[in-house]
Amino acid sequence: MPPFTVWAGWVAGVLSLVAFVPYIVAILRGETRPNRATWWIWTTTGAVLLASYYFSGADTTIWVAVSYFVASLVTALLSIRYGEGGSTPLDRGCLLGAGAGLLLWWLFDSPVVALVTTLGVDFAGAVPTIRKAWVAPHTEDRLAWALFIAGNTFNLVAVDRWEFAIAIYPIYFFLASGTIAALVLRPRAK
């Protein structure tokens, strides 16, 4: 039987993938308007994060990265028609930052350098959605963000080696999704 961390990693991946179901349904119903910049940045950084995290040695915690990349791509595609926001200098800078992560990985031959760089870019990509969740929390799906934070909590539990390269991804996503979830889930004025 696999150790508990393996099970926690699988649960984290499933919850993270399932979180996108109500989010995508809310997009299609017009209840959620994803920020285009955020989701395209998250798709781009998701690909880099998935690759660099895998090559950094992640195993039990990799499933959230897989889920986030696949579902972010679907959400980014939907944002073209159903989203809001556009291409700002910040957006372009974040996309260039993801490319810089790949370049740094190649230059330093270190997936950890790419991982850390891309996490920084990912956070910059989260800023438009954090702002939107603060100003207009009703434009984000509550169930989806509750599931995102649940998945990222399980991913923290799935960490089997508390080494920087393994722990930084689950810690970052717990904090980032936790911030957005707290803003979206806070009580709303009538």
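Buried means under 20% relative accessible area, exposed means over 50%, and partly exposed lies in between, using a 1.4 Å probe and protein chains only. By this scale Glu-84 is partly exposed, because its relative accessible area is 25%.

The model is predicted, so local features need pLDDT of at least 70 and side-chain atom pairs count only at pLDDT 80 or more, while totals for chains, interfaces and linings use all residues. Residues are numbered from 1 along each chain as its sequence is written, and side-chain values use heavy atoms, with hydrogens and water left out.

**Salt bridges**

A salt bridge is a side-chain nitrogen of Lys or Arg within 4 Å of a carboxyl oxygen of Asp or Glu. The structure holds three of them.

| Pair | Closest N to O |
|---|---|
| Glu-84 and Arg-33 | 3.0 Å |
| Lys-132 and Glu-140 | 2.6 Å |

Glu-84 and Arg-33 form a salt bridge. This pair links distant parts of the chain, 51 residues apart: Glu-84 is in the loop between helix 3 and helix 4, and Arg-33 is in the loop between helix 1 and helix 2 (36-55). Helices here are DSSP runs (H or I, at least four residues), numbered from the N terminus. Arg-33 is partly exposed, with a relative accessible area of 34%. Lys-132 and Glu-140 are both buried. Arg-161 is partly exposed at 31%, and Asp-160 is partly exposed at 35%.

**Asp-141**

Asp-141 sits in the loop between helix 5 (111-135) and helix 6 (142-157). Asp-141 is buried but has no salt bridge, and Arg-29, the nearest side chain of opposite charge, is 7.3 Å away. For charge, Lys and Arg count as positive and Asp and Glu as negative, with His and the chain ends not counted. The side chain of Asp-141 reaches the backbone nitrogen of Leu-143 at 3.3 Å. Leaving aside residues up to four places away in sequence, Asp-141 touches Pro-22, Tyr-23, Ala-26, Thr-32 and Val-184, where contact means heavy atoms within 4.5 Å.

**Surface residues**

Asp-109, in the loop between helix 4 (89-108) and helix 5, has a positive phi of about 50 degrees although it is not a glycine. Asp-109 is exposed, with a relative accessible area of 67%.

Val-66 belongs to helix 3 (residues 62-82) and is partly exposed at 28%. The C-alpha atoms of Val-66 and Leu-17 are separated by 8.8 Å, and the two residues are 49 residues apart along the chain.

Definitions and conventions
Helices (H or I, at least four residues) and strands (E, at least two) are DSSP runs, numbered from the N terminus. A polar contact is a pair of N or O atoms within 3.5 Å; within protein, one must be able to donate a hydrogen and the other to accept it, and residues adjacent in sequence count only if both atoms are side-chain atoms.
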